Amino acid sequence: MADGRNGTPILCVGSVALDSVETPFGRAERVIGGSAVYFTAAASLFHAVQVVGVVGDDYPLAELDFLARRGADLSGIERRPGESFFWAGRYHFDLNSRDTLETKLGVFASFQPKIPPSFRAARFVFLGNIDPVLQHEVLDQVEAPDVVACDTMNYWIDGSRDALVDLLARVRILIINDEEIRQLAGEPNLPKAARWVQSRGPELVVVKKGEHGAMLLANDWLFFVPGFPLESVFDPTGAGDAFAGGFVGYLAQAGSLAPEALRRAMVYGSVMGSYSVEQFSVRRLIDLPVVDIERRMVQFREITAFETHVDAAPGR
Ligand code: AMP
């Protein structure tokens, strides 16, 4: 994959939201969130990111300064008259399942992503969770991306299904949670659901399973990473996007989709997801030292490594 664009920033397009979140342990009102914000908060610790999105005139843009300080280019975030995208959710006691209480598209309803000319040469593109119709419009404007990774959500699987299924043909990595892939493929078995997705385009499918970790399915191999067994989980919102940020951020830094890079990216994804849930909103990711990321990588290795008594599976 080596070409002149090796160092180009990741192009990320997604929601830039205000979230009201309720968990059994507390609540946060109208805090910054959205797929693009969580993704960038994680990915910018690995690689430069250029962000495209839209906010209303109620958005506290200064709260995104920490991303700019890390080198993220936020000049593609438009500010329009009206209300920002708003999402409200309530988590159940196990913090693994949630109900969406409200989704207000606000300025998102009339959003037409405009990719600035200086963002169009990106090799890595992350299509965060937004209307698949807009995800298509983004891809129409980028020149020749090597790696298009895409996330989605039940809201769009229900509401914009045809555009989403068409989009799969333009995507190399689909990052999706277990409930959503079952819904998208109409198939309860995860490996079979991943095959269904692969038959429509993406060569790699990452299935996120909340606190139970994530699974990567390639054509003829797979890899599984657990969730980090945290003792205190505060707010699971955005864990999936922070996972995607660690995963794509590391791949862009490595400039490779080789199996060993993909395995490491899965663990970086799980590390970033685990940090993200330790505090409300993106708070935990604001000053996260890189050494803490590496320390948790080592802990992941310790909790998953083991020796077998034989070198190969019997019969090989
Ligand atoms: P996650 O917990 O990783 O699924 O991501 C939660 C984030 O997604 C929140 O910050 C929300 O603002 C954002 N979000 C929720 N619903 C939507 C939607 N329909 N489209 C785009 N972003 C959304």
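Exposed means over 50% relative accessible area, buried under 20%, and partly exposed in between, with a 1.4 Å probe and protein chains only. This is a predicted model, in which local features need pLDDT of at least 70 and side-chain atom pairs count only at pLDDT 80 or more, while totals for chains, interfaces and linings use all residues. Residues are numbered from 1 along each chain as its sequence is written, and side-chain values use heavy atoms, leaving out hydrogens and water.

The buried residues of α11 are D292, I293, R296, M297 and F300. Viewed down the axis of α11, they fall within an arc of 145 degrees, so they line one face of the helix; the arc is taken from the directions from the helix axis to the C-beta atoms. Helices here are DSSP runs of H or I with at least four residues, and strands are runs of E with at least two, numbered from the N terminus.

I turn now to the ligand. Of the 18 residues around the ligand, S15, D19, G34, N129 and G238 come nearest; to be near, a residue needs a heavy atom within 4 Å. Which element gives the most to this shell? That is α8, with three residues.

Polar contacts are pairs of N or O atoms within 3.5 Å. A polar backbone atom of G34 is 2.7 Å from a ligand oxygen, and a polar side-chain atom of D241 lies 2.9 Å from an oxygen atom of the ligand.

Methods:
A polar contact is a pair of N or O atoms within 3.5 Å; within protein, one must be able to donate a hydrogen and the other to accept it, and residues adjacent in sequence count only if both atoms are side-chain atoms.
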